[in-house]
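Hello,

Here is the structure I promised to pass on to you. Please have a look at it first, and then read my notes below.

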Amino acid sequence: MSSAFRRLLASALLLTGATSASAQTATGTVTGSVVERQSGRPIEGVQVRVVGTQRGAQTDQAGQFRLIAVPAGAVSISTQRIGYGASTRVVAVTAGGTAT
């Protein structure tokens with residue numbers, strides 16, 4: 001293998017690593033809780049999703065959820081559970097940050 005080819009290959013690998021690292025930091029976390037409007041009681045088992053992605057979670061007994069690796073920027077979060085009306089809300093996710 002020629003030294004020029006090795007340098008080109010090494011440069012390509014470095015660029016690939018830099019791209020992967022920047023792509024990983026362009027995400028954040030969304031946390032929150034889902035409660036009944038009138039009583040304020042937490043709702044367990046609500047499906048919480050980032051619209052347009054495969055990211056999702058279910059609320060726990062305290063009605064809380066945590067979505068990781070959510071793309072940075074304005075994202076729509078939808079909630080859905082049998083017996084309750086569906087809801088969608090827009091949140092601002094910062095790279096490396098946590099939105100609530």
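The structure holds one salt bridge. It joins the side chains of E36 and R41, with 3.0 Å from N to O. R41 is partly exposed, at a relative accessible area of 44%. Please keep in mind that this is a predicted model.

On confidence, the average pLDDT of the protein is 83, and 75% of the residues score at least 70. The stretch to be careful with is residues 1-23, where the pLDDT is below 50. Beyond near neighbours in sequence, residues 1-23 have one contact in the model. Where pLDDT is low, the predicted coordinates should not be read in detail.

Now to the overall layout. The protein has one helix and seven strands. Read from the N terminus, the order is α-β-β-β-β-β-β-β. Of the 100 residues in the protein, 22% are buried. Among the contacts with a separation of 6 or more, 50% are between residues 24 or more positions apart.

- Strand 1 (residues 27-33) runs antiparallel to strand 4, and six bridges join the two. T27 stands opposite P71 of strand 4, while S33 has Q64 of strand 4 as its bridge partner.
- Strand 1 and strand 7 are paired in the parallel sense, over two bridges. V30 stands opposite A99 in strand 7.

A69 is partly exposed, with a relative accessible area of 31%.

The other open sheet has four strands in the order 3-2-5-6, and its pairing is antiparallel. Strand 3 and strand 6 are at the edges with a single partner strand each, so one side of each is left without a neighbour in the sheet. On average, neighbouring strands of this sheet are turned by 25° against each other, direction ignored. Strand 2 and strand 3 run antiparallel and are joined by three bridges. In that pair, V48 stands opposite A57 of strand 3.

Which residues of the largest nonpolar core touch the most other members? This core has 14 residues, and the ones in question are V30, V48, L67, V70, V75, I77 and V93. The elements that give two or more residues to the core are strand 2 (47-50), strand 4, strand 5 (73-80) and strand 6 (87-93). Strand 4 gives the most, with three residues. As general background, in soluble globular proteins nonpolar side chains tend to be buried together.

Leaving aside neighbours within four places in sequence, V48 is in contact with V34, R55, G56, A57, T59, F65, L67, I77, S78 and T79. Two residues in that list, L67 and I77, are also named above among the core members that touch the most others.

Is G63 buried or exposed? It counts as buried, because its relative accessibility is 0% and the cut-off for buried is under 20%. G63 is placed in the loop between strand 3 (56-58) and strand 4. Leaving aside neighbours within four places in sequence, the contacts of G63 are G32, S33, V34, P42 and I43. With I43, the C-alpha atoms are separated by 4.8 Å, although G63 and I43 are 20 residues apart along the chain.

That is what I have for now.

Best wishes

Conventions
Residues numbered from 1 in each chain as written. Predicted model: local features only at pLDDT ≥ 70, side-chain atom pairs only at ≥ 80, totals over all residues. Heavy atoms only, no water. pLDDT = per-residue confidence, 0-100. Contact = heavy atoms within 4.5 Å. Pairing = 2+ DSSP bridges. Salt bridge = Lys/Arg side-chain N within 4 Å of Asp/Glu carboxyl O. Buried < 20%, exposed > 50% of the residue type's maximum accessible area, 1.4 Å probe, protein only. Core = buried A, V, L, I, M, F, W, Y, C linked by side-chain atoms within 4.5 Å. Axes fitted to C-alpha atoms, helices over the stretch in contact; angles between N-to-C directions.
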